[in-house]
Structures are given as structure tokens and as C-alpha cells.
Amino acid sequence: MASILDRMKAPIADRRRQSPRNDVVDDAPPEEDVFAEMTLQEHLEELRKRIIRSSLAILVGVVVGIFTAFRVISAVADQAGVDTKTLQIISPTEPFTVYFKVVLYIAIAFAMPVLVYQLLQFVSPGLTRRERRAVIAAVPFVMVMFVLGVLFAFFVLAPRALEFLSTFGSSYFEWNPRAEEVISFYMRLMIGVGIVFELPVVMFALARIGAVTYKQFARVRKFAFLLGMVAAAIITPTPDPFNMMLVGIPIYALYEIGILMARLARPLKPDRARSE
């Protein structure tokens with residue numbers, strides 16, 4: 001009877017500590033990440049699976065593009081300030097080529113979320129659970145930034161660039177562009193800028209998992225500026241420096257935003273095993 005009264009007088013925390021059930025929970029070591037080694041054949045099989053799923057997503061995007069390509073062409077022509085009937089067609093196969101080029105661009109844009117997810121799933125076996133959660137959590141923001149980049153190129157960059165090009169030397173040249181050139185200009189600019197807009201989120205995710213620090217990003221600023229100019233030259237189908245700077249400057253600005261976001265990111269710390 002005395003022992004029962006003594007146990008009732010003991011603090012609640014002490015009684016919980018004396019409970020065998022709680023002892024098991026407190027002393028249990030945290031679940032550790034297990035990295036299973038994969039053979040070359042397993043890596044190739046995993047890559048094959050991801051490529052097949054990405055190809056299926058692009059195929060679905062092609063079906064979507066077949067039914068929406070002419071609407072996209074009409075929207076691009078309206079945004080560019082030209083009539084679709086005034087766009088020149090030189091070769092007999094050019095209408096067919098332009099149509100399926102637009103279909104391909106639509107398919108890539110439509111399948112972009114699946115492509116990014118499959119890429120992350122392919123590299124995820126080399127990450128810890130916390131790192132995988134941090135990377136997967138960044139996927140929605142990557143998609144949002146891609147859409148923002150596409151809209152920014154469609155409503156801001158491309159119209160400004162075409163306005164400059166159409167008025168340059170207007171007293172000597174007649175502005176009568178080819179359909180393929182206008183459509184390719186818009187599509188490449190929209191997809192390229194959409195991908196570049198994902199840069200800050202990617203930099204944040206890399207800093208979050210501890211792969212790269214913001215100081216390392218800051219040390220390679222000059223190389224980032226050079227690569228940004230190279231990327232702008234690839235994205236813009238015209239070789240003039242105006243369009244290259246119109247794309248290159250936002251790319252470098254996004255890199256600086258990425259450095260700021262990487263500085264705000266707190267790298268994940270590995271879990272410490274509890275002492276026995």
C-alpha cells in the first residue's frame with residue numbers, strides 16, 4: 001500500500017519516464033536512410049522507365065497541340081500586331097512545317113511538369129528522405145515560375161523585340177515577316193524564358209539540401225553573366241544584340257534573385273543518432 005501511495009505522489013513526468021512503453025519510444029534510434037547500391041543495368045532500366053513516361057507525356061501534349069496549334073498561331077499573330085494572312089509563306093511545305101513546329105512547342109510546354117518530376121525521381125535515390133521532401137516541395141514553385149516566364153515572354157519580351165525590329169530602318173525596308181520566323185521567335189522565346197525563370201527556385205533547392213552555398217553562387221557571378229549571354233543568344237533566333245540583351249539581362253537578374261533566395265535558405269542538417 002505504501003509503494004502505491006509513493007507512486008501516486010511522484011511527478012507525472014517521472015511516472016511517464018518509468019513507463020516501460022515510453023522507455024521503448026524514447027530510446028528507439030531514429031530511422032536511418034538506406035541507400036541501396038544500383039548496378040549499371042538497374043540505372044539504365046530506371047533511365048529507360050523515366051524516358052518512356054516522359055515520352056508518353058510529350059505524346060499526350062502532341063495530341064493537345066494538334067487541336068490548339070492554330071489558336072496559338074492566331075494569338076501570336078495578334079500579340080505581334082500582324083495579320084495572319086499577311087505572314088509570308090515561301091516554300092510549299094512551310095505551312096505544314098510551321099504547324100507541327102507549334103505542335104511540338106505546345107507538347108513540350110504541356111509535358112514540362114512531368115519532365116521535371118521524372119528527372120527528380122531519377123536522381124532521388126541518391127538523396128536522403130529530408131532532401132527528397134525539400135526537392136519535391138520545390139516542384140510546384142518550379143512550375144509556377146515556368147508559367148510566369150512564358151507569360152512574361154509572351155506579353156513583354158516578344159512584343160517589345162518585334163516592335164523594335166519592325167521600326168528599325170522602316171524608311172528603307174518594308175516590314176513583311178515570314179510566318180516561320182515570327183512563330184519560331186515567339187515559341188523559342190517563351191519556352192526558353194520559361195525554363196530560365198525556374199533558376200531561382202533551383203538555386204534555392206540546391207542551397208536547401210546543402211549541395212551549394214550562396215557564397216559559392218556569388219563567387220561565380222561573372223561566369224553566370226557570360227553563360228546568361230550565351231543562353232540569350234541561343235534562345236533568341238535573331239543575332240542582333242538588342243534581343244540578346246533583352247533576354248540576357250533578365251537572366252542575370254534572376255541569378256541575383258537566386259543568390260538572395262539561396263542566402264535565405266537554411267541547409268538541412270543530418271539527423272543525429274541518439275545515444276543508447
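Predicted model: local features only at pLDDT ≥ 70, side-chain atom pairs only at ≥ 80, totals over all residues.
1. Phe155 is partly exposed, since its relative accessibility is 45%.

2. Counting ring pairs with centres within 6.5 Å gives nine aromatic pairs. One of them joins Phe154 and Phe155: the ring centres lie 4.9 Å apart and the planes stand at 90 degrees, so this pair is edge-to-face. An angle over 60 degrees is what that label requires.

3. Ring pairs also build a cluster, whose members are Phe70, Phe96, Tyr99 and Phe100.

4. The largest nonpolar core contains 51 residues, and Tyr186 and Leu189 have the most contacts inside it. Helices that supply two or more residues to this core include H4 (40-80), H5 (94-123), H7 (139-167) and H8 (179-196). The top contributor is H7, which gives twelve residues. In soluble globular proteins, nonpolar side chains tend to be buried together.

5. Which residues does Tyr186 touch, leaving aside those up to four places away in sequence? The partners are Val76, Gln79, Ala80, Phe154, Ala158, Pro159 and Leu162.

6. A second core is separate and has eight residues, among them Phe217, Ala224, Tyr255 and Ala265.

Conventions. Residues numbered from 1 in each chain as written. Heavy atoms only, no water. Phe/Tyr/Trp six-rings, centres within 6.5 Å; stacked < 30°, edge-to-face > 60°. Buried < 20%, exposed > 50% of the residue type's maximum accessible area, 1.4 Å probe, protein only. Core = buried A, V, L, I, M, F, W, Y, C linked by side-chain atoms within 4.5 Å. Helix = DSSP H or I, 4+ residues; strand = E, 2+ residues; numbered from the N terminus. Contact = heavy atoms within 4.5 Å.
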